[in-house]
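Keep the viewer open as you read.

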Amino acid sequence: MKTSLITMLFVELMTGGSQDTGTCSREVNNPGLMASSRLVGSVYLVLQTLNLQDCVASCLQQSRCDSLNFKAGQCELNYDNSTTAPSGMVAASGWNHASASHMPSRLVGICGPRPCDVDETCRDRGGSYECEPEELCYIRSTLYPGTLNITKTGRTCQSWDTDTPHKRWDYPMGMSRGDPALVDESNYCRVSPATAVPWCYTLDPSVRWEKCSVPFC
């Protein structure tokens, strides 16, 4: 059943279908699913999702998500789309790009109309919704509890509970090697005792760590 839903989703996006407007277009300024395409320079969150449906749902729940890139289990959420940032569109084998305005809102139920503010994530609570705040800035020498997991140059962050590909020497504020709470920190940018700004180890074997583009409150 889930496979057929995903197939239908691909069809809707490929034709530029929109549940809210009933429109269908393949024009560049009205994109559905753009195959072999990826928007670079606008990614603010990378998620590991099993399928396109979960990636679309994650984007629709976050008001700041304007589009997504998806490839074989990797989901990238963008704050721009192919229309607002056309120079960022590149040919990329295996990747697919889709604008949030053409995603079927029914996938997220009551959150479909995107009722939350740009710095919030909508959660369906069964008949009602809840807007969870997203931390978009940090205060010096305190924890940054947000979910940004991309460095300032666009590299994906390494998880805090692993030494792959880089051996860890520093940890989020108040934590140390072997702390079970490191799992909950996932691969989010964090402030540590050795740094005054959010940063992370990267998944790029040639770049050990980088700062993240988190603004100061």
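Which element gives the most to the lining of the largest pocket? Strand S2 does, with three residues. Before going further, a word on what you're looking at: this is a predicted model, where local features need pLDDT of at least 70, side-chain atom pairs count only at pLDDT 80 or more, and totals for chains, interfaces and linings use all residues. Residues are numbered from 1 along each chain as its sequence is written, and side-chain values use heavy atoms, with hydrogens and water left out.

Back to that largest pocket, which has a volume of about 410 Å³. Of its 25 lining residues, Ser42, Val43, Tyr44, Ile150 and Thr151 are the closest to the centre. Strands S1 (33–39), S2 (43–48) and S4 (74–78) are the elements that give it two or more lining residues. A pocket here is an open set of points on a 1 Å grid over the protein atoms alone, where a 1.4 Å probe fits, with protein on both sides within 12 Å along at least five of seven lines; lining residues have an atom within 4 Å of a point. The volume is the space filled by probe spheres set on the points, which are joined across faces, edges and corners. Strands are DSSP runs (E, at least two residues), as are helices (H or I, at least four), numbered from the N terminus.

The lining of the largest pocket divides into 12 nonpolar, eight polar and five charged residues. Nonpolar covers Ala, Val, Leu, Ile, Met, Phe, Trp, Tyr, Cys and Pro, charged covers Asp, Glu, Lys and Arg, and the others, Gly among them, are polar.

Now for the second largest pocket, with about 300 Å³ of space. S2 turns up here too, supplying the largest share of the lining with four residues. Of the 22 lining residues, Leu45, Val46, Leu47, Thr147 and Tyr188 lie nearest the centre. This lining splits into seven nonpolar, 12 polar and three charged residues.

On to the backbone. Most residues other than glycine have a negative phi, and most peptide bonds are trans. Ser36, in strand S1, has a positive phi of about 55 degrees. At 76%, Ala72 counts as exposed. Finally, the Thr164 to Pro165 peptide bond is cis, with omega near 5 degrees, and Pro165 is in the loop between S7 and S8 (199–201).

Terms used. Buried means under 20% relative accessible area, exposed over 50%, partly exposed in between (1.4 Å probe, protein chains only).
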